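Thanks for coming. I have one structure to go through today, and I will keep it short.

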Amino acid sequence: MEMKKGLVVIKGAGDLASGIALRLHRCGFSVIMTETAVPTTVRRTAAFSPAVYEKTVQVEDVCGVLCDSAEVAEEVCRNGKIAVVVDEKADIIRQIKPEVVVDAIIAKKNTGTHIDDAPVVIAVGPGFTAGEDCHCVVESKRGHYLGRCIWEGSAIPNTGVPGLIGGFGLERLVRASGDGLFYGAAAIGDQVSAGQIVGYAGGKPVRAQIDGILRGLLQDGVQVREGMKAGDVDPRCERSHCFTVSDKASAIGGGVLEAILRCRRIREDRGDAACSGNGVRPLKTLALIVLAAGDSRRFGGNKLLSQVGGAPMYRHILTQAAALSPDIFSRKILVSQYQEILDAASGYGFIPVENQDSSLGISHSIQLGLKALEAGGRESFPDGVCFAVCDQPWLRAETLRSLAETWKAGGKGLAVLSCRGRDGNPAVFSKDYLPQLKALTGDRGGRSIIKAHPEDLLRLEIADEKELEDIDYSC
């Protein structure tokens, strides 16, 4: 059976998974969600999981329907609804061959997702490693990185402490007071007070810890254990929030959508070469090393600190690189002998590396940069390294991005910028060229390696020759 483009299986149908489902459904994807036979979704008025025991459920403007087979699920999707199936092991994935699998169980660990489950496999939250378990991980922790796509590595580890809402974290939770069956004594959307009984667990009262709106509560008759999350109180007291997906779920949904579209584009750019078995090979990772340790002998002073366009020259490349999406360069390193430049580097997301002997030439800076990348271990070393210099103040972020993506998609080991027959910096080298880069001496850079391997070289043609221009002489 061939892969069905546009068909997504989401593992889990809780509130975060449902936020993802809404985003994808509204963008034209067909969505099938898998769930356990007894869901334990607390925010069940904003989730599709209640379809398991209610047969149909509405989340905002979208209807979810319980289905008893893959054929029925696909028919429900064709009718413009979201399908929910009781399928704890997600066996339906092997039956229907979806284009995308999203693990949104939020188990804080991988419970059985594999990178070859589908052409695009995305996982939400901690417990997964991009490039090993899945193609992309989407950050689920509230804060600056919520919803970000992670193409190398993992999400922020689980702390066990929920994010703050209205200034409250753990206090928002309603926990079961004992083992046994749970029964509610309040309804989702009710105003509650600290100490108020909102339910019973094994016959023992379950109380709210703070004042607010009861945003979530388990359904009656579900088996609980002492300490298990049974409800959620929102101190912001906006009743409508109880019946719509949260800001967190929407942000994660946006990250999943971004990951799907990016994987699609890369597959289309690469063609059949992108495919490996049933899946896409993990996206190549690329690091950026900026060299800023030269002595500026021809310039007559430290050119990197000279003003160009109202800012020190060295800041231009840092500013352009910092403007790029984090998935373009997995790590950014700056090598310099100048303290001002080293001090500024971290503010632009670079790891500063001091070159204490610039007289050894550019090869020494290259090797210091590579050594910094190797500090994370062989497994974390990127697939390639892009080398750039600080004396090209007209190089644009878009050009950097295009060079990186051209190399990632091109299937060759080397890539350079080129304009009207002239090659220039930046230049990209796959990790296969590490031995040759490490063997460079004196003021010899990577140009000799590029000249020696024309068959392995990609050229990105640019229109504006000024982007290649470096400044060697003072005005």
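I start with S140, which touches V124, G125, P126, L146, K248 and I252, leaving aside residues up to four places away in sequence. Keep in mind that this is a predicted model. S140 sits in the loop between β8, residues 136-138, and β9, residues 149-150. Is S140 buried or exposed? With a relative accessible area of 8%, S140 is buried.

Next, the sheet. Four strands form an open sheet in the order β10-β17-β15-β12, and their pairing is antiparallel. β10, residues 173-175, and β12, residues 191-192, are at the edges with a single partner strand each, so one side of each has no neighbour in the sheet. For β12, the pairing is with β15, residues 212-217, in the antiparallel sense and over 2 bridges. Within that pairing, V192 stands opposite G212 of β15. As a reminder, strands of a sheet pair through backbone hydrogen bonds, either parallel or antiparallel.

Last, the cysteines. How many disulfides does a search of the whole structure find? The search gives 0. A disulfide needs the two cysteine sulfurs within 2.5 Å. Take C77: the closest cysteine sulfur belongs to C67 and is 7.3 Å away, so the two are too far apart for a bond. C77 counts as buried, at 10% relative accessibility. For C386, the closest cysteine sulfur is that of C390, at 13 Å, again too far for a bond. C386 also counts as buried, at 1% relative accessibility.

That is what I have; questions are welcome.

Terms used: Residues are numbered from 1 along each chain as its sequence is written. This is a predicted model: local features need pLDDT of at least 70, side-chain atom pairs count only at pLDDT 80 or more; totals for chains, interfaces and linings use all residues. Side-chain values use heavy atoms; hydrogens and water are left out. Two strands pair if DSSP finds at least two bridges between them. Buried means under 20% relative accessible area, exposed over 50%, partly exposed in between (1.4 Å probe, protein chains only). Contact means heavy atoms within 4.5 Å.
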